[in-house]
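Reader: I would like to learn how to read a protein model. Could we go through one by question and answer?

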Amino acid sequence: MIIGWIHAFVALRVGAAPFIEIGGLVVNEAYRRTNVGSRLVQESAAWAKAEQMALRVRCNSIREPTHHFYQALGFKLLKQQHVFEFNL
């Protein structure tokens, strides 16, 4: 049984230094609040540190409990933005 999953990758952006980005984090509901998510984030942070890169994560503005989770791990709010989509 899988109890947790994290997707972290090297993000390349024009005009910015490369960084590690968390693209997804999922913890089985039965294992939440058991530090599984925190440990997965810590492993990503260790990778980012070894690569001498920042670790970033994006989170929907309505997901306040998730904001608190990341802030408790030491993340600081960097910016807020709007996402636009153009459907062809």
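Reader: Is Trp5 buried, exposed or partly exposed?
Author: This is a predicted model: local features need pLDDT of at least 70, side-chain atom pairs count only at pLDDT 80 or more, and totals for chains, interfaces and linings use all residues. Residues are numbered from 1 along each chain as its sequence is written, and side-chain values use heavy atoms, without hydrogens and water. Buried means under 20% relative accessible area, exposed over 50%, and partly exposed in between (1.4 Å probe, protein chains only). Trp5 has 46% relative accessibility, so it counts as partly exposed.

Reader: Where does Trp5 sit?
Author: Strands are DSSP runs of E with at least two residues, helices are runs of H or I with at least four, and both are numbered from the N terminus. Trp5 belongs to residues 4-13, which is strand β1.

Reader: In which sense do β1 and β2 pair?
Author: Two strands pair if DSSP finds at least two bridges between them. Here there are nine bridges. The sense of the β1 and β2 pairing is antiparallel.

Reader: Which residue in the turn of the hairpin has a positive phi?
Author: β1 and β2 form the hairpin, with two residues between them. The phi in question is about 80 degrees, and the residue is Gly15.

Reader: Do β2 and β3 run parallel or antiparallel?
Author: Three bridges join these two strands. Ile22 stands opposite Val57 in β3. β2 and β3 run parallel.

Reader: Is Glu21 buried or exposed?
Author: Glu21 lies in strand β2. Contact means heavy atoms within 4.5 Å. Leaving aside neighbours within four places in sequence, Glu21 is in contact with residues including His7, Phe9 and Arg56. Its relative accessibility is 6%, so Glu21 counts as buried.

Reader: How many residues make up the largest nonpolar core?
Author: A nonpolar core is a set of buried Ala, Val, Leu, Ile, Met, Phe, Trp, Tyr and Cys residues joined through side-chain atoms within 4.5 Å. Among the members here are Ile20, Ile22, Val41 and Phe75. β2 and α1 each supply at least two residues of this core. The largest nonpolar core has seven residues in all.

Reader: Is Asn35 buried or exposed?
Author: Asn35 lies in the loop between β2 (16-27) and α1 (36-50). Its phi is near 75 degrees, a positive value in a residue other than glycine. With 52% relative accessibility, Asn35 counts as exposed.
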